[in-house]
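Let's take a walk through this structure together. Have the sequence and the 3D view side by side as you read.

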Amino acid sequence: GLIGQASHVENARLAEAIGTFRKRDQAVRFAMHVAPPQELEESLVNQQLDIAIGYFWHRVAGLSYRRLFSERQVICCGRGHPLFHAGPHVTFDDLRAHDWIWRSYPVPEELASIGERRVTAIADNIDAATVLILSGSHIGYLPTHHAEPFEQRGLIRVLGRTAFGFDVPLHLA
């Protein structure tokens, strides 16, 4: 199981590991499933999955977790958003004054950084969050590797890359 939208570098490393494993044991059959973290953990507990890679903010009894890598999260807005053409120094007040897209699962690493905000949309995956951000109606967090192609095309602006970003640890469960 995978949380989805890992960086190309991390996906390449995973593909290499699968290739190496397959050379060792040809009797293994792979079934890949992309889902939100809680669903991945439930599938592990229910023995529907053998392993999962994702962001797991708590620890389920009976599962073991091994940290694999971190993923940088940054606040983004779409081209039609009022902050897209704002000056270079975006403040906490600027961020709190706009509608947010939020994840359907907790992100403890970020909780205290900005404080109260107006959440008007929820998404359980990065693709859904990206669509809402690209609409120009919401701001929200995206992984840097996911935001970069949109940023290069002038469709997304990263707001306060160093001031407001945070790292999320991804684990093998």
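Predicted model: local features only at pLDDT ≥ 70, side-chain atom pairs only at ≥ 80, totals over all residues.

**A guided tour**

His89 sits in the loop between strand 2 and helix 3 (92–96). Helices (H or I, at least four residues) and strands (E, at least two) are DSSP runs, numbered from the N terminus.

Residues are numbered from 1 along each chain as its sequence is written, and side-chain values use heavy atoms, with hydrogens and water left out.

Now step back to the whole chain. The protein chain has 7 helices and 7 strands, and reading along the sequence gives the pattern α-α-β-β-α-β-α-β-α-β-α-β-α-β. Of its 173 residues, 43% are buried. A contact means heavy atoms within 4.5 Å. Among contacts in the protein chain with a separation of 6 or more, 65% join residues 24 or more positions apart.

Next, look inside. A nonpolar core is a set of buried Ala, Val, Leu, Ile, Met, Phe, Trp, Tyr and Cys residues joined through side-chain atoms within 4.5 Å. The largest nonpolar core has 26 residues, and Leu40, Ile75, Leu95, Trp100, Ile139 and Leu159 touch the most other members. At least two residues of this core come from each of helix 2 (37–45), strand 2 (66–78), strand 3 (99–103), strand 5 (139–143) and strand 7 (166–172). There is also a second, separate core of 14 residues, including Cys76, Ile101, Ala147 and Ile156.

Leu40 belongs to helix 2 and is buried, with a relative accessible area of 0%. Leaving aside neighbours within four places in sequence, Leu40 is in contact with Gly1, Leu2, Ile3, His33, Ala35, Leu49, Ala52, Ile53 and Phe56. From Leu40 to Phe56, the distance is 9.2 Å in space, C-alpha to C-alpha, and 16 residues in sequence.

A disulfide is a covalent bond between the sulfur atoms of two cysteines; in the search used here, it is a pair of cysteine sulfur atoms within 2.5 Å. Searching the whole structure finds 0 disulfides. For Cys76, the nearest cysteine sulfur is that of Cys77, 7.7 Å away.

Helix 6 (residues 144–152) is the next stop. Which of its residues are buried? They are Thr144, His145, His146, Ala147 and Phe150. Their cover includes strand 2, helix 5 (126–134), strand 5 and strand 6 (156–159). Just after helix 6, Gly154 takes a positive phi of about 75 degrees.

Another positive phi, of about 60 degrees, belongs to Gln47, although Gln47 is not a glycine. Most residues other than glycine have a negative phi. You will find Gln47 in the loop between helix 2 and strand 1 (53–54), and Gln47 is exposed, with a relative accessible area of 71%.

Arg118 is found in strand 4 (residues 118–123) and counts as partly exposed, at 41% relative accessibility. Not counting residues up to four places away in sequence, Arg118 touches Ala97, His98, Asp99 and Trp100.

Finally, turn to the largest pocket, which holds about 910 Å³ of space. On a 1 Å grid over the protein atoms alone, a pocket is an open set of points where a 1.4 Å probe fits, with protein on both sides within 12 Å along at least five of seven lines; lining residues have an atom within 4 Å of a point. Grid points are joined across faces, edges and corners, and the volume is the space filled by probe spheres set on the points. The largest pocket is lined by 31 residues, with Leu14, Ile18, Ile51, Ile53 and Leu172 nearest its centre. Helix 1 gives the largest share of the lining, 7 residues.

Key. Buried < 20%, exposed > 50% of the residue type's maximum accessible area, 1.4 Å probe, protein only.
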